[in-house]
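Here's a friendly walk through one protein model. Take a look at the picture first, and then we'll go from single residues out to the whole thing.

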Amino acid sequence: MTKIGLYLHIPFCVKKCGYCDFSSYAGREDQWRPVVEAMKAEMARAEGLAAGTVYFGGGTPTALPAEMLLELLGAVHRHFAVADGAEVTVEANPGTVDGRKLDVLRGRGVNRLSLGGQAAQRGILEALGRVHRWEDVQAAVKAARAAGFDNINLDLMVGLPGQRPVDFRETLDAALSLSPRHLSIYSLIVEPGTPFYARYGGHPELLPDEEELAEMCDDALWMTEDAGLPRYEISNYAKPGYESQHNLGYWLRRDYVGIGCAAHSLLRDFRWGNADTIEGYLKGERDEEAAVSDAEARFERLMLGLRLVEGISWGERALYEPYTEKFKKLRERGLMEWDDERVWLTKRGLDLQNRVMVELMG
C-alpha cells in the first residue's frame, strides 16, 4: 500500500507574528474544541489510508493543551495505518512546551520536535513579535532531551529587520551549540496583507540588503557544513540520516493528505484544499478542488525536486524532453548540471532558484 504524508494543521497560536501570513489565530480558545472535533471527523472520513509520516504544523500546535493533542494523535492511529517507526513531528514554540507536555507527546509516539527559534537577539525577536527569548529556546531543547527527544529541528531566519551578518553568525553559533539534528534557515518574505508589509513593503532600506543577505547565506553553508549538518535542500540542513522525511515527501511529490483549516492535499493527481478560515473550515468549505494534468505534474516534479541539493533522477528521461533547450541554457549559465543519472542545480542555481523557475516556465 502506498504511504502518504499526513499533515495536521493547528490554526492556533499564542500571538500572531507580524510577518506571518499562515492561517493562524491568537485568542481563539473557544474554538479549540470545535476545531479538534472537526479534525477528528475529517480523519474518520479519510480512514484506511497508510501514513508514512505524520506532521503537526500551524500556527503553534503546542498552543493546544496536551490532552487535545493526544486526542488528535489517537485519531491518527485509529483511522490511518501508521508505519512502524514513522517520523512523527510536532512543531512547537519555546514557552508553549514544558516537561510534562513533552513527556506526554514523546510517550505517545512523537519522535521529532521542531522548535521556532528565529534569532538569538532580543531586539530582533521583539521586532518580529515573538513572545520568546533565546533562553526559552535553550530551556525547551533541554526539556525535550530530558523527555527523550533525539531528533530536534530549530527554525532560524535571515533577512530580518535590524539583523546584520554578525547577528546571524551569533544566532547560528548559539543554535549549533545546542547540537540539533536538523536546521531550517528561511529568508524573511514580506507578504502582502501582513503588518510587516505595511511597515517594510515600501521600505527595503529597513531590511538587510542583497550583499548582507548573501553573506548570511554563505555563512549558513560553511558553518553548518563544519558542524556536520550539510545542506540537503535550499533551506534545510541535517546530520546524515536526520533529513525531514515528511518534507522530502513534498519535494519528491509524493501523495499527502492535509487535515484541518487551510490544509491542502494531493492524492492520485487530484488536489484539494480546506477553507483557510476557521469558520469556513467548520462549515466544511473548500478553497480548491482540481485534477492535475500530466504536464502540471511533470513541472511540479521538476520544480520541487530541484530544491534538493542532489536534484532529481532522470527516471523516464522523455518526461523532461520539453525542457531540453532550457536545461542547456541554464547549464551554460552555470546554474544547472547533470550526468547520466541525475539533474541538479549548482550552488549558484540553488541561490537563484526563483530565476531558474522563471526560465523553465517561460
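Ser-179 counts as partly exposed because its relative accessibility is 39%; the label covers everything between buried, which is under 20% relative accessible area, and exposed, which is over 50% (1.4 Å probe, protein chains only). You'll find Ser-179 in the loop between helix H6 (165-176) and E8. Helices (H or I, at least four residues) and strands (E, at least two) are DSSP runs, numbered from the N terminus.

A quick word on the ground rules. This is a predicted model, where local features need pLDDT of at least 70, side-chain atom pairs count only at pLDDT 80 or more, and totals for chains, interfaces and linings use all residues. Residues are numbered from 1 along each chain as its sequence is written, and side-chain values use heavy atoms, with hydrogens and water left out.

Asp-269 also has a positive phi, of about 60°, and is not a glycine. Its spot is the loop between strand E12 (264-267) and E13. Here are some accessibility values side by side.

| Residue | Relative accessible area | Class |
|---|---|---|
| Ser-179 | 39% | partly exposed |
| Asp-269 | 30% | partly exposed |
| Asp-173 | 48% | partly exposed |
| Ser-187 | 35% | partly exposed |
| Trp-134 | 6% | buried |

Asp-173 belongs to helix H6. Along the chain, Asp-173 and Thr-224 are 51 residues apart, yet their C-alpha atoms are 9.5 Å apart in space.

Ser-187 is part of strand E8 (residues 182-187). Leaving out residues up to four places away in sequence, Ser-187 touches Val-158 and Leu-213, where contact means heavy atoms within 4.5 Å. Ser-187 and Ala-63 are 124 residues apart in sequence, and 25 Å separate them from C-alpha to C-alpha.

Now for the tryptophan in the table. Is Trp-134 buried or exposed? Trp-134 is buried, because its relative accessible area is 6%. This residue sits in helix H5 (residues 134-146). Setting aside neighbours within four places in sequence, Trp-134 is in contact with Gly-117, Ala-119, Ala-120, Leu-125, Leu-156, Ala-174, Ala-175 and Leu-178. One of those partners, Ala-175, is 41 residues away from Trp-134 in sequence and 9.4 Å away in space, C-alpha to C-alpha.

Next stop, Asn-93. Which side chains does Asn-93 join by a polar contact? One is that of Thr-60, at 3.0 Å, and another is that of Arg-130, at 2.8 Å. A polar contact is a pair of N or O atoms within 3.5 Å; within protein, one must be able to donate a hydrogen and the other to accept it, and residues adjacent in sequence count only if both atoms are side-chain atoms. Asn-93 itself lies in the loop between strand E5 (81-92) and helix H3 (99-107). Not counting residues up to four places away in sequence, Asn-93 touches Thr-60, Thr-62, Gly-116 and Arg-130.

Gly-59 is in the loop between strand E4 (50-58) and helix H2 (66-79).

Time to look at the second largest pocket, which holds about 290 Å³ of space. Of its 17 lining residues, those closest to the centre are Glu-42, Arg-45, Trp-272, Asn-274 and Arg-286. Two or more lining residues come from each of helix H1 (32-45), strand E11 (256-259), strand E13 (270-274) and helix H10 (278-282). H1 gives the largest share, 4 residues. On a 1 Å grid over the protein atoms alone, a pocket is an open set of points where a 1.4 Å probe fits, with protein on both sides within 12 Å along at least five of seven lines; lining residues have an atom within 4 Å of a point. Grid points are joined across faces, edges and corners, and the volume is the space filled by probe spheres set on them.

Finally, zoom out. The protein has 14 helices and 17 strands. Its radius of gyration is 21 Å, close to the 21 Å that the globule rule gives for 362 residues, so the protein is as compact as a globular protein of that length. That radius is taken over C-alpha atoms, and the rule is 2.2 Å times the number of residues to the power 0.38. Buried residues make up 53% of the 362.
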